[in-house]
Amino acid sequence: MAIPISYNVRNLKLRKGLTIMTALGIALTVTTAVFLMALLAGLKKAFMSSGDPLNVLVMRKGSTAELSGGFDANLFPTLKTLPGIAKDAQGEPIASAEWVVVVVLPRKDGTGDVNVSVRGLMPAGLTLRPGAKLIEGRWFTPGQREVVVGRSIHNRFSGANVGDSLDFAKGQWKVVGVFDSGGTSYDSEIWGDVNQIAADFDRQGGYASAYLRATDPVAADALKHRVSDDQRLKLEGTLETEYYEKQTSSGGAIKFIGTFVAIIMAIGSSFAAMNTMYAAVAYRSREIATLRIIGFSRPSILTSFVIEALLLSLLGAVVGIVLILPFNGMSTGIGNSLTFSETVFSLHLTWGVALTAVLFALIMGLVGGFAPAWQAARQDILTSLRA
Amino acid sequence: MTLTSFVRKSAFRNRRRSILTVLSIAFSLLLLTLMMTVWHTFYIDKGSAESAQRLITRHRVSLTQSMPAFYREKIRAIPGVVAVAPNNWFGGIYKDQKPENFFAQFGTDPDEIMKVFTDFQIPADQLQAWQRDRAGAIVDAGLAKKYGWKLGDRIMLKGTIYPVDLELTIRGIYTAPEPTTSIYFNQKYVEEAVSFAKGQAGTFNILADSPDDVSKVAAAVDDMFRNSPEPTKTESEKAFQLSFINSIGNVKAFILSICFAVVFATLLVSATTMAMSIRERTREVAVLKTLGFTRQSILGLYIGEAVLVALIGGILGCLLAFGLVSGMAHAPGMSLFLSGMKVTPATLLLAVFVAAIVGFLSAVIPAYHAAKIDIVEGLRYIG
């Protein structure tokens, strides 16, 4: 017969101080782990949702990022005539040739300079990114030294408000609008007219990349192959979604450090939990003997103590997750080795992260609780009663 | 029995508990020491004497913009400049796109680069062989070991930024004070194949007369090109490396918050143990008091006990960290920035000190309560 769980709950309540302190120790470990996992989840979200499945990104063969691209401007008209490209109301193919350059802007809080991507695009570039919505001001006018800034740029840099001017390349750029692309990496970009940007960075006569909007996902896939297989072009097509998926690798360092830190902290916490559970067993040795006399079997004693350890760690997990809640949505930037610029993403506490954290805590509880529970179950009844 | 041996004996009367506590503290302190070492490497360490004498010039707008190659001769004319070599990031793909097969590749001037990197070791005949072969390359010794490269081997780099694939012959293997995981080749080789690469330079590596001249040279270089269409940004080698680390995000806050969590967790562990062990000994305290021990000495006994346990844990953690860092620094494929990591005596001392403080703080409240105990009440106490 199993010992009721309420027995364990009452015992945990009885030694309140000890329970709270041990649970807090586990909670801190869980908080650290959750923090790192939530960072990764936010990063993944920023990149994964950036791509539109209908958009085909075209770059020179061999280029891995828009920054390292560069093809002749004469190729763009050929690209536009490819079948499968969606047409706008005027019957023009929705395609945008673009430049991505990197500029240095000072952070608002004065903690140094940050590389920021500036994207020059054609008016069609706005049409093929329906996810980006203006939240303030207006879009830039082609032919003018005007830019619109992503929401993260607006929040993190001074001089990035509507009406302000940003100073980069050959002079001042007027900020005329702020756009929100829903937490994707576009939010960390500055957009302006492609010809203006190219002129400022002395890059006329070519483009870094081109975006083509396909009529449907099947057409997108066909379009991608059509671009790559065309011998005249020497270009390569990728789905925008595939392109951004690759960039999540910039979280590699966080993942490595995070796992390392979490494991070491977990080892420390397991030892602490073991200590608490050994104390609980020692403290209740007569009680355990009594339980045995009443007829509870060794396995049920073992189970009961393991459950108690698991309850303790579960409490730690809950506290740990609650501790991280105020930080949920907090944003930070990460440098991207492919674009050399900063992508802003927020801490994103998902159900998956929370579940992993609970599992992580339960493993700590199990590791810490099993040996003491084993000892409790093996105790000699007579000696314990006499103690 | 002396007081010290009394402390020692009572610290380990419950051996299992003490060992578990020591281990728990040791792992936390291991993490703390590692974090402090990273902090030290990034923000305090000034780099080697040779590195402190070097500067890097890049385009003011960003690292991805290139500068005219003729800047090199103008920089050379600045007083205090000993040598200048261009360094162009090639960013090619070796074998495949897997991150573990990624290493830095630079196009440079074979005749001058080793005059800038004065602390790189390369046999004179290998350097000459490289200078004679336009399609030659020199590789880092660690990298050569990883891929099993030997002199005369050919390697292919698939261009990503430049539309050209390089076929290079390894002419030399160099050793740097810290692993660089880089290869260097003749920039002219790329320029022959790609017209737009001609006359362009990504960065310039400069060797200054002395470390004191570094800031003067940096200002002179930047002033010279301030009003040109391609302004520059010149900084010390260390500052240049730090700008990459800063791009990962707010690393300082990140390290600090982990340190804070670790110290607090250690404090909790230690306090739990002390609370348990002191509570168990309520009757003993009463006996000690009966024997004439004063409050102060009882307080001292328990605090001493906690500090002892925490210190042992701290020292163990430091030893573990020391071993781990030495192991990591020599492991192949460790990231460029962590390869120069060293645990300094100051860091170790600080970690041990933190452990002692944690031990002290954890015992203050339970020991204070124990010392205050009324003898009669204490004797009656049933654990």
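Two residues are taken to be in contact if their C-beta atoms, placed from the backbone, lie within 7 Å. The structure is a predicted model, so local features need pLDDT of at least 70 and side-chain atom pairs count only at pLDDT 80 or more, while totals for chains, interfaces and linings use all residues. Residues are numbered from 1 along each chain as its sequence is written, with chains lettered from A and ligands numbered from 1 in the order in which they are written.

On that contact criterion, 38 residues of chain B meet 45 residues of chain A. At least two residues of the B side come from each of H2 (15-44), H9 (237-247) and H10 (251-280) of chain B, helices being DSSP runs of H or I with at least four residues, and strands runs of E with at least two, both numbered from the N terminus. H10(B) gives the largest share, 12 residues. By type, the B side splits into 21 nonpolar, 14 polar and three charged residues (nonpolar: Ala, Val, Leu, Ile, Met, Phe, Trp, Tyr, Cys and Pro; charged: Asp, Glu, Lys and Arg; polar: the others, Gly among them).

As for chain A on its own, there are 13 helices and 14 strands. Its radius of gyration, over C-alpha atoms, is 29 Å, well over the 21 Å that the globule rule gives for 387 residues, so chain A is more spread out than a compact globule (the rule is 2.2 Å times the number of residues to the power 0.38). Its C-alpha atoms fill a box of roughly 95 × 45 × 35 Å along the principal axes. An automatic or database assignment divides chain A into domain 1 (5-48 + 250-386) and domain 2 (55-213), and 46 Å separate their C-alpha centres.
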